[in-house]
Amino acid sequence: MNAVGVDLNTASVPLLARVSGVTESLAESIVAHREKVGAFRSRKGLLEVPRLGPKAFEQCAGFLRIRGGDDPLDASGVHPESYPVVRKILDRSGVTLAELIGNERSLRSLKPADFADDRFGIPTVTDILGELEKPGRDPRPAFTTATFAAGVEKVSDLKVGMVLEGVVTNVAAFGAFVDVGVHQDGLVHVSAMADRYVSDPHEVVKSGQVVRVKVTDVDIPRQRIGLSLRLNDDAQQGKRPERTSAPRRDERNRDDRNQDRRNQNRGKNSGRRDESRPTGSMADALRNAGFGR
């Protein structure tokens, strides 16, 4: 935000409080002064705000913009302390500020070294010339959005094999979620992110990135969507295999080992003497007589 700038005459207290050098209480003072006196006509007017001293002014002035004020430079990113450099440029160029601002040809013909001194070095002068060339420019990269397919508004509109444009909403260890315009994010599993092994999905995509995906699976009852970044995949190739009810190999091996142990125990027990039966000559005689069988 500091790089973009804030309109001093329209910004709210919360927004002003995010500017470098401006506390919440100072932001409240700025708004109160603005409501009492009227719109700021110049950045110097900030020095009339209660409790806003030279140090705070030095920190915040370059980030606050005044459009339609007394000095066109107040609408630019040039800090007030650098205004003398601009005056020097105007004197040597023989043009007015209005004629110089935005004049790309004239500004690019100037050499920063010609206006540098002990206080303002070549990098600072270069930045000033760049700001004069495109005053108030937004340094942030252009924001791109996905173009959702017409007629595809809900999960039931999706068909396996469709290739759609979407935007990555979240990246996790197992894959990435992509919004394709049906109010339900689809999942691109890590195995369907590239034609190579991917250990970390963050290597392939990032949140906010616009991507093209192929629909590989649509589960309407559970509202689940399977997607693939590999557009040449067959429809079901990007679908994660479902787990079957068949026992796994290690489970079968464990069952076999348990059965072997039971068989071995039965074999051992069959050769043992029945210790519960009485022994001795009297017992043998009674058994021979038909008792205790």
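Which residues is Leu132 in contact with, leaving aside its neighbours within four places in sequence? That was what I wanted to know when I opened this predicted model.

**Entry 1: Leu132**

I found Leu132 in helix 7, which covers residues 122-133. Setting aside neighbours within four places in sequence, I listed Leu73, Val86, Leu100, Ile101, Gly102 and Leu107 as its contacts.

**Entry 2: the barrel**

Next I turned to the strands. How many strands make up the closed barrel? I counted five, running in the order 3-4-5-7-6, and their pairing is mixed. Neighbouring strands of this sheet are turned against each other by 50 degrees on average, with direction ignored. A reminder to myself: strands of a sheet pair through backbone hydrogen bonds, either parallel or antiparallel.

I picked one pair to follow up. In which sense do strand 5 and strand 7 pair, parallel or antiparallel? Strand 5, residues 186-189, pairs with strand 7 in the parallel sense, over two bridges.

**Entry 3: Ser228**

I stayed with strand 7, residues 224-228, and looked at Ser228, which lies in it. Is Ser228 buried or exposed? Its relative accessible area is 0%, so I wrote down buried, as this is under 20%. The side chain of Ser228 reaches the backbone nitrogen of Arg230 at 3.0 Å. Leaving out neighbours within four places in sequence, I noted contacts of Ser228 with Val188, Ala192, Arg212, Val213, Lys214, Thr216 and Asp233.

**Entry 4: a pair of rings**

Last, I searched for aromatic pairs, and the count came to one. Phe174 and Phe177 form this pair, with 6.0 Å from centre to centre. What is the angle between the planes of Phe174 and Phe177? I read off 90 degrees, and the pair is edge-to-face.

Phe174 has 40% relative accessibility, so Phe174 counts as partly exposed. Phe177 is at 27% and counts as partly exposed too. Partly exposed is the label in both cases because the values fall between the 20% limit for buried and the 50% limit for exposed.

Terms used
Residues are numbered from 1 along each chain as its sequence is written. This is a predicted model: local features need pLDDT of at least 70, side-chain atom pairs count only at pLDDT 80 or more; totals for chains, interfaces and linings use all residues. Side-chain values use heavy atoms; hydrogens and water are left out. Helices (H or I, at least four residues) and strands (E, at least two) are DSSP runs, numbered from the N terminus. Buried means under 20% relative accessible area, exposed over 50%, partly exposed in between (1.4 Å probe, protein chains only). A polar contact is a pair of N or O atoms within 3.5 Å; within protein, one must be able to donate a hydrogen and the other to accept it, and residues adjacent in sequence count only if both atoms are side-chain atoms. Contact means heavy atoms within 4.5 Å. Rings of Phe, Tyr and Trp (its six-membered ring) pair if their centres lie within 6.5 Å; planes under 30 degrees apart count as stacked, over 60 as edge-to-face and the rest as tilted. Two strands pair if DSSP finds at least two bridges between them. Axes are lines fitted to C-alpha atoms, for helices over the stretch in contact, and angles run from 0 to 180 degrees between N-to-C directions.
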